[in-house]
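Colleague: I would like to learn how to read a predicted model with care, one feature at a time. Could you give me the general idea first and then the case at hand?

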Amino acid sequence: MNLRNKRALSATLATTALVTGAFTAVPGTASAADRTPMRCEGYTYSKVIKFGKPWYASRGPVVSKRNSSSSKSTLVYSIKTTKTRTTTWGGEASASVGWGIAQVEAKTKYEVARSVAKGRTVTNRMTVDPGKRGYTQPMVEYQKFQVERWRELGNCKHDRIEIVGILKGITSSLHFAECQTRQASCTPKP
């Protein structure tokens, strides 16, 4: 083979290698882009945590009636409330009770009353066994909630920024404590 043919053949092989290399390099570039880590936008949000069991506070006096019949009877108790109860907020001064209630209601299944007033007549219907005396007392149910501020980071992890405050909320404004006995008295239980 003469020198001119050898050079032409070398040039053709070099061009073929470059073209083939170009086609095989494209998939390598695309897979490198696929390995780029995902980024999250990052934002701030509130989170509500329920603490412990509910507890109860009275709204009025204990009243009683005796079932003098020989069968179970439904006795009707009308009670005038003597105490006002309120939902309380402890935490950031910039956040109000109303704001705390809104956070709890938006992020849990609970409805929270801001307050319940005294001077209202409430009625309880209680089934009492024959010959027993039924006792009842109007109550409110409280539940404690912690309101927190969280953020999503750029790496998609979540981080608590702070505890904004504690809401002690009225989750039932009319809850009756009850008991019945043949003895002199009993203490109504919620």
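**Reading the features**

Modeller: Let us begin with cysteine 40, which counts as partly exposed because its relative accessibility is 21%, where buried means under 20% relative accessible area, exposed over 50% and partly exposed in between, computed with a 1.4 Å probe on protein chains only. This is a predicted model, in which local features need pLDDT of at least 70 and side-chain atom pairs count only at pLDDT 80 or more, while totals for chains, interfaces and linings use all residues. Residues are numbered from 1 along each chain as its sequence is written, and side-chain values use heavy atoms, with hydrogens and water left out.

Colleague: Which cysteine forms a disulfide with cysteine 40?

Modeller: In general, a disulfide is a covalent bond between the sulfur atoms of two cysteines, and here the term is applied to a pair of cysteine sulfur atoms within 2.5 Å. Cysteine 40 pairs with cysteine 156, their sulfur atoms being 1.8 Å apart. Since cysteine 40 sits in the loop between α1 and β1 and cysteine 156 in the loop between β8 and β9, the pair ties together parts that are 116 residues apart in sequence. The torsion about their S-S bond is about 100°, so this disulfide is right-handed. Cysteine 156 is partly exposed, at 30% relative accessibility, and has a positive phi of about 75° although it is not a glycine.

Colleague: How many disulfides does the structure hold?

Modeller: The structure holds two disulfides, and with bonded cysteines counted along the chain they follow the pattern 1-2, 3-4. Cysteine 179 and cysteine 186 form a disulfide with sulfur atoms 2.0 Å apart, and with 95° about the S-S bond this link is right-handed. Cysteine 179 is buried, because its relative accessible area is 13%.

Colleague: How many helices and strands does the protein chain have?

Modeller: Helices and strands are DSSP runs numbered from the N terminus, where a helix is a run of H or I with at least four residues and a strand a run of E with at least two. The protein chain has two helices and nine strands, and along the sequence they follow the pattern α-β-β-β-β-β-α-β-β-β-β.

Colleague: Which residues make up the largest nonpolar core?

Modeller: In soluble globular proteins, nonpolar side chains tend to be buried together. A nonpolar core here is a set of buried Ala, Val, Leu, Ile, Met, Phe, Trp, Tyr and Cys residues joined through side-chain atoms within 4.5 Å. The largest one has eleven residues, among them Val48, Trp89, Ile101, Val104, Phe145 and Leu167. Helix α2 (97-107), β8 (133-152) and β9 (158-181) each supply at least two residues of this core. A second, separate core of seven residues includes Leu75, Ile79, Val122 and Val128.

Colleague: Is valine 104 buried or exposed?

Modeller: Valine 104, which lies in helix α2, counts as buried because its relative accessibility is 0%. Leaving out residues up to four places away in sequence, valine 104 touches Val48, Tyr110, Val112, Phe145 and Leu167. The C-alpha atoms of valine 104 and leucine 167 are separated by 8.5 Å, although these residues are 63 apart along the chain.

How values were computed:
Contact = heavy atoms within 4.5 Å.
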